[in-house]
Amino acid sequence: MSTCFASCVRCSNPPPPLVPPSSSSASGARRGSHLLLRLHPGVQRVTVAVLGARGVGKTSIVEQFMRSEFCEHYESSKSTQTHYTSVIMNDHMYELKIIDCPGSVRFPVTSLQEWNDHRGVGLLSASAYVIVYDVTDEDSFRSARLLRERIVRSRRRRRNAAVAAGDAAAVAPVTIVVVANKIDLQIAGAGAGAGTGTGTSFHGPAVFVERLTQGGSSRRDLGNVVRKQWKCAYAECSAKYNWRIVALFRDLVKAAVDSGGESHHHHHRMAASSRVQEALRNNRCVIL
């Protein structure tokens, strides 16, 4: 059975105060998803945090999903951006909150760190995490590994605290997907327009792509490392060509909903990463 996934109302950054539905159409469109939450309290929110090193294409992935736009000019994000959209999947509506974090963000391990560094944007309580790396940048893959370790450490700390307080169900399972972006550069043999490096050992796309294709670390090897050693789902995409972007967010929403989202905690039969990996492998989608 195919999964129906459609995006409805989209707006960026924290929305202004709610207004009655009789307001102007422009205002109503920007506040649509939050009016739905007031009118239908049962609408479930799914929060996805997009993380990764500088220049890996985090904002480009989000912009392609939200607006089907890609900017050729690279400009590093200076602050965390929050986007909201309503999505429909299998005849159910969900509010999707996307947190686009700049590459300089250090993932918080404690609630105090989150408040001091991010003013409660919701990183620790996210339903799913997307860790993006650039297939032409070796250092960005190392950064992805460090981010994954901090997320796991943070979730383990929160769960241990919840167990000690007698409320183990308070910390729901979380989905982590490691995304290899700019796959178009690798497939094209590392053509012009390389991404930016994140460290001093970056030697341009040709070097890393050669390693990827001639041994050492093939694309399949990296995927196996992510799936088997990191215990995370793995996906490849191209923000430039909008390839697999919708499928990525669709399967994230599905996995987060199956895990209970932010408002329901229940027993799950498969690990969240296994569920989203299976969905990514099947790649079933109907766009409305």
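Is Cys-237 buried or exposed? Cys-237 is buried, with a relative accessible area of 1%. Here buried means under 20% relative accessible area, exposed means over 50%, and partly exposed lies in between (1.4 Å probe, protein chains only).

## Basis of the report

This is a predicted model, in which local features need pLDDT of at least 70 and side-chain atom pairs count only at pLDDT 80 or more, while totals for chains, interfaces and linings use all residues. Residues are numbered from 1 along each chain as its sequence is written, and side-chain values use heavy atoms, with hydrogens and water left out.

## Cysteines

Cys-232 is also buried, at a relative accessible area of 4%. A disulfide is a covalent bond between the sulfur atoms of two cysteines. The cut-off for a disulfide is a pair of cysteine sulfur atoms within 2.5 Å. Zero disulfides turn up in a search of the whole structure.

## Arg-150

Arg-150 lies in helix α5 (residues 138–164). Helices (H or I, at least four residues) and strands (E, at least two) are DSSP runs, numbered from the N terminus. Arg-150 counts as buried because its relative accessibility is 13%.

Its side chain reaches the backbone oxygen of Phe-107 at 2.7 Å. Leaving aside residues up to four places away in sequence, Arg-150 touches Arg-106, Phe-107, Pro-108, Val-109 and Gln-113. Contact here means heavy atoms within 4.5 Å.

## Val-105

Val-105 sits in the loop between β4 (92–100) and α4 (111–118). Val-105 counts as buried because its relative accessibility is 16%. Thr-80 is 25 residues from Val-105 along the chain, and their C-alpha atoms are separated by 8.4 Å.

Terms used
Polar contact = N/O pair within 3.5 Å; in protein donor to acceptor, adjacent residues only side chain to side chain.
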